[in-house]
Amino acid sequence: MSGRDTVQIPDDRDFGAFRAQCESERGWSLSYCKGGVAVWVQLLEPERSLHKIKCRMECKDVAAATLYDVLHDIEYRRKWDTNVIETFDIGRLTVNSDVGYYAWRCPKPLKNRDVITLRSWLPMGSDYIIMNYSVKHPKYPPRKDMVRAVSIQTGYLIEGTGATSCTITYLAQVDPKGSLPKWVVNKSSQLLAPRAMKRMYKACLKYPEWKQRHEPGFKPWLFPEQSRLPALPLAELSLQRAESLENIDESALSEGRDERGDERGEGSDEDSLT
């Protein structure tokens, strides 16, 4: 999607290209492999810490359809995604695309980031793709308390490997809008990405029970007629270009003490999915 000059709804070629990137091994450096989780990094512009990250996890007792639901269910995400500061859907474009807002915590002492993205999804039998890229919406300009990042292309490939098993690949190319210290790139691949995948896995195990108590039949990503989002004209959106945003130089910041201490464990937040 990074080669587009205008905002467009992804087509089959875009989904195919995203899948090919998820499955490709060329140009990737393995940085982590442990406990069924592997992480690869591709440095694009080392001086700006601009890189791609790819993370793959085997889920031996989670169905692909369940993982797909978990990634879509914004109410449940607020429960299990401990990085989220604020997230909400803005509007519906088509039966399989929408626009939303997501703000997340960055390792201290970095400033927190947020994005506005156009998200699209495609079920393919026992496989699924969800992917997004950054757009601008006139009602949601950059906030003073956040750094507006740019998702060049981010998403998930879920591949069913059995009735109750699947593999998920997370691929992200995000411009964080700033010069980041090298420890951030290292930490994201060695600690943060694996931790997030494991947290997602635990959330999947608890989702069926949670969903039974929270509108069990409401799944607009599967049944678009259920959508409560307002229709959003494509003409209201424009591409979010990285060069139009302010660059923040955080390259000299050292890792916060609380963040270093947090590496001893993942904490107990994963057990609070009620």
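**Aromatic contacts and charges**

Guide: One aromatic cluster is formed by Tyr76, Tyr207 and Trp210. Please note that this is a predicted model.

Visitor: How many aromatic pairs does a search of the whole structure find?

Guide: The search returns 8 aromatic pairs. One of them joins Tyr76 and Trp210, with 4.7 Å centre to centre and 45° between the planes, a tilted arrangement. This pair links distant parts of the chain, since Tyr76 belongs to helix α3 (residues 74–80) and Trp210 to helix α4 (residues 182–212), 134 residues apart.

Visitor: Is Tyr76 buried or exposed? And Trp210?

Guide: Tyr76 is buried, at 0% relative accessibility. Trp210 is buried as well, with a relative accessible area of 3%.

Visitor: Why is the pair of Phe88 and Tyr101 called stacked?

Guide: The ring planes of Phe88 and Tyr101 are at 20° and their centres 5.0 Å apart, so the pair is stacked. Phe88 lies in strand β4 (residues 84–94) and Tyr101 in strand β5 (residues 97–104), so the contact ties together parts 13 residues apart in sequence. Tyr101 counts as buried, at 4% relative accessibility.

Visitor: Turning to charges, which ring does Arg228 sit over?

Guide: The charged end of Arg228 is placed over the ring of Phe218, 3.9 Å from its centre. Lys54 lies over the face of Trp40, at 5.7 Å from the ring centre.

Visitor: Lastly, where is Arg113?

Guide: Arg113 is in strand β6 (residues 113–124). Its relative accessibility is 2%, so Arg113 counts as buried. A polar atom of the Arg113 side chain lies 2.9 Å from the backbone oxygen of Lys111.

Definitions and conventions:
Residues numbered from 1 in each chain as written. Predicted model: local features only at pLDDT ≥ 70, side-chain atom pairs only at ≥ 80, totals over all residues. Heavy atoms only, no water. Helix = DSSP H or I, 4+ residues; strand = E, 2+ residues; numbered from the N terminus. Buried < 20%, exposed > 50% of the residue type's maximum accessible area, 1.4 Å probe, protein only. Polar contact = N/O pair within 3.5 Å; in protein donor to acceptor, adjacent residues only side chain to side chain. Phe/Tyr/Trp six-rings, centres within 6.5 Å; stacked < 30°, edge-to-face > 60°. Lys NZ or Arg CZ within 6 Å of the ring centre and 35° of its normal.
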